[in-house]
Amino acid sequence: MSAQGSPMAAGKTTGTSREAGKETPKGAWTVTFLLFLFMLVNFADKIVVGLAGVPIMTDLKLDAEQFGLLGSSFFFLFSISAIVVGFIVNKVQTRWVLLTLAVIWALAQFPMVGTVSFTTLLICRIVLGAGEGPAFSVAAHAIYKWFPDEKRTLPTAILSQGSAFGVILAVPALNWIIVNHSWHYAFGALGVTGLIWVAAWLALGREGPLEDTQALAATEPKIPYLQLLTSRTFVGCVAATFGAYWALSLGLTWFTPFIIKGLGFSQSDAGWISTLPWVFGATIVILTGWISQVMMARGATTRIARGVLGSVPLVIGGVILAMMPHVAGAGLQLTLLVVGTGLCGAIYVVCPPMLGEFTPVSQRGAVLAIYGALYTLAGIIAPSVMGTVIQRAGSMLDGYMTGFTINAAVMVGSGLLGLLLLWPNTERARLTRSAAPQPNALKGVVSPT
């Protein structure tokens, strides 16, 4: 279902280019591609510690618990930063916020080029996490200024694919640097790449013309944040994506150490093996975005085309992952891990558009950011839990299997909560009935391009 024809949609047309629902403006796909690259750099930054996990642990003499703490440290300020910046983008153009975030990412990499201590590495990862916390929610908010509601799922899928391609493309290159030079230079390469993106965004990045957030703040109906954040669809999105992010954060931190120390592969082999979950996940994400838009075009409700479509793969993926400790052979275990965790990607495609269905545009940046801040708390917990479990297990492989079993249980539970709670179409109708129109002070204002 489209947002058109609802009270919310009526409020959104005032102060905009008068229909956020028909034509896609020229330049929309250029900005989408730039933001795809933005997320590509984002996830390359995330994966480098996991990819270089074994040499980092060797050089800095870290045990499993310390490395788990390093993986979790990235998320210490991740959620706080996401919320703060989410409210900022309600007032400030996303173009400049995205630029600032990318500069922070680049600068946070360069201290690792030289000899560093564990403390320095820890601090730089915390700073990087603060810069990357708001990334996806701000990028999604920016894209939604270029596409109407019924056309947002595919751009969201493409944006999400920046994460997969950030791993698929960056891992072989970064692993080559790690194997042939040093893990220190891998961080430096990421810093340079970030600065290149900054230059491209300065030249080509623009603000979307379909929505003028400041004009809409004065004209569209407002919904109290308490109602938005306690709505069952918001709670369902947080719960479902929490389970998916538990798997993702383990993949970022522990996947490469698992295939080297747990399954016995070499660092060189780890370069291409580490891309497998992301290749499979990329396929799932693109299929989900395409299937969702086809279903909506054929009249399916967003409850089915978004809520159910995103939640079911989580449950199936959790069941597949739970089979890992009960099968023999590194190849089969690796296959179950790749497929089980890869299915999680579906939920990232559908949740931001669902939240956008019933959230006023002038509040959407904050709501998407708070959503991101809550589900990414899994990133603080999961790597540390895995490190503790490995440290205390009878053997390293047993510790990994226990950690992946915990991951499976979290995925199944979060997927079931998603199936129970995700009803965005009825949510919109319920919330907009109680929304109070704002004074029509800016009636007739057209958004700037």
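This is a predicted model: local features need pLDDT of at least 70, side-chain atom pairs count only at pLDDT 80 or more; totals for chains, interfaces and linings use all residues.

Mentor: Let us begin with a term: helices (H or I, at least four residues) and strands (E, at least two) are DSSP runs, numbered from the N terminus. Residues are numbered from 1 along each chain as its sequence is written.

Trainee: Where is the place of K61?
Mentor: K61 sits in the loop between α3 (53-60) and α4 (64-73).

Trainee: Is K61 buried or exposed?
Mentor: Buried means under 20% relative accessible area, exposed over 50%, and partly exposed in between (1.4 Å probe, protein chains only). K61 is exposed because its relative accessible area is 71%.

Trainee: And what does K61 touch, beyond residues up to four places away in sequence?
Mentor: Contact means heavy atoms within 4.5 Å. Leaving out residues up to four places away in sequence, K61 touches I56 and Q66.

Trainee: What about L355: buried or exposed?
Mentor: L355 has 0% relative accessibility, so it counts as buried. L355 belongs to helix α18 (residues 346-358), and, not counting residues up to four places away in sequence, it touches F234, C237, L368 and Y371.

Trainee: How are two packed helices described?
Mentor: By the angle between their axes and the distance between the axes. Axes are lines fitted to C-alpha atoms, for helices over the stretch in contact, and angles run from 0 to 180 degrees between N-to-C directions. Here, the axes of helix α20 (residues 378-392) and helix α21 (residues 396-421) come within 8 Å and cross at roughly 145 degrees. The contact uses V385, M386, V389 and I390 of α20, with residues of α21 including Y400 and F404.

Trainee: Which classes of residue make the contact of α20 with α21?
Mentor: Ala, Val, Leu, Ile, Met, Phe, Trp, Tyr, Cys and Pro count as nonpolar, Asp, Glu, Lys and Arg as charged, and the others, Gly among them, as polar. This contact of α20 with α21 has eight nonpolar, three polar and no charged residues.

Trainee: Which element gives the most to the lining of the largest pocket?
Mentor: Helix α10 gives the most, with six residues. The lining of the largest pocket has 13 nonpolar residues, one polar and no charged.

Note on methods: Side-chain values use heavy atoms; hydrogens and water are left out.
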